[in-house]
Amino acid sequence: MKPFAFADFVDEFKVPFTYIEKTDGYYNDAGDWVEGGETTVQMYGIVLPLSEDDLQYAEAGAYQTKDKKVYTTQPLELNAEIEYKGDRYTIQNFKDYSEYADVYIYYMRWREQ
């Protein structure tokens with residue numbers, strides 16, 4: 001079965017967002033603690049509000065209207081953060097359509113700042 005080609009659709013309607021991946025602290029060779037940090041990358045995708053079905057049924061618990069989903073052509077890590085239009089979101093869930101499509105779909109939970 002040939003997957004649906006949504007990458008062109010994502011490319012046509014993409015918006016910028018900041019992908020934030022946190023690194024854990026660690027002990028260096030001298031035995032000193034080195035604090036973890038954040039790595040930020042400018043990425044692109046389609047950011048959409050959740051549908052009524054998305055809001056009603058979710059594995060990670062009920063979503064709120066401020067939560068969103070993002071379609072991207074690059075894989076993201078669960079629990080990483082995204083900053084979009086001044087708001088921060090945590091990637092909570094991955095909808096695996098990789099068998100059918102060439103995009104990744106993630107649910108993002110809005111974070112209070």
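Lys 85 is exposed, with a relative accessible area of 72%; here exposed means over 50% relative accessible area, buried under 20%, and partly exposed in between, with a 1.4 Å probe and protein chains only. The structure is a predicted model, in which local features need pLDDT of at least 70 and side-chain atom pairs count only at pLDDT 80 or more, whereas totals for chains, interfaces and linings use all residues. Residues are numbered from 1 along each chain as its sequence is written, and side-chain values use heavy atoms, with hydrogens and water left out.

Lys 85 is placed in the loop between S6 and S7. Its phi is positive, at about 50°, although Lys 85 is not a glycine. Asn 79, also not a glycine, has a positive phi of about 75° and belongs to the loop between S5 and S6. Asn 79 is exposed, with a relative accessible area of 60%.

The protein chain contains two helices and eight strands, taken as DSSP runs numbered from the N terminus (helices: H or I, at least four residues; strands: E, at least two). In sequence order the pattern is α-β-β-β-β-α-β-β-β-β. The C-alpha trace spans about 55 × 30 × 25 Å along its principal axes. Of the 113 residues, 31% count as buried. The accessible surface, derived by the Shrake-Rupley method with a 1.4 Å probe, where for residues only the protein chains shown count as cover, comes to about 7,700 Å², of which 48% belongs to carbon and sulfur atoms. Among contacts (heavy atoms within 4.5 Å) between residues at least 6 apart in sequence, 55% join residues at least 24 apart.

In soluble globular proteins, nonpolar side chains tend to be buried together. A nonpolar core is defined as a set of buried Ala, Val, Leu, Ile, Met, Phe, Trp, Tyr and Cys residues joined through side-chain atoms within 4.5 Å. The largest such core has 14 residues, of which Phe 17, Tyr 19, Val 70, Leu 76, Ile 82, Ile 91 and Met 108 touch the most other members. At least two residues of this core are supplied by each of strands S1 (15-22), S4 (38-49), S6 (81-84), S7 (87-95) and S8 (104-111). The largest share, three residues, comes from S8. A second, separate core of five residues includes Val 10, Ala 101, Val 103 and Ile 105. Apart from neighbours within four places in sequence, Leu 76 is in contact with Tyr 19, Met 43, Val 70, Ile 82, Ile 91 and Tyr 106.

Asp 67 is situated in the loop between helix H2 (52-56) and strand S5 (68-72). This residue is buried, with a relative accessible area of 0%. The side chain of Asp 67 reaches two backbone nitrogens, that of Gln 64 at 2.8 Å and that of Trp 110 at 2.7 Å. With neighbours within four places in sequence set aside, Asp 67 is in contact with Pro 49, Leu 50, Met 108, Arg 109 and Trp 110.

Phe 6 lies in the segment before helix H1 (7-13) and is partly exposed, with a relative accessible area of 37%.

Methods:
Polar contact = N/O pair within 3.5 Å; in protein donor to acceptor, adjacent residues only side chain to side chain.
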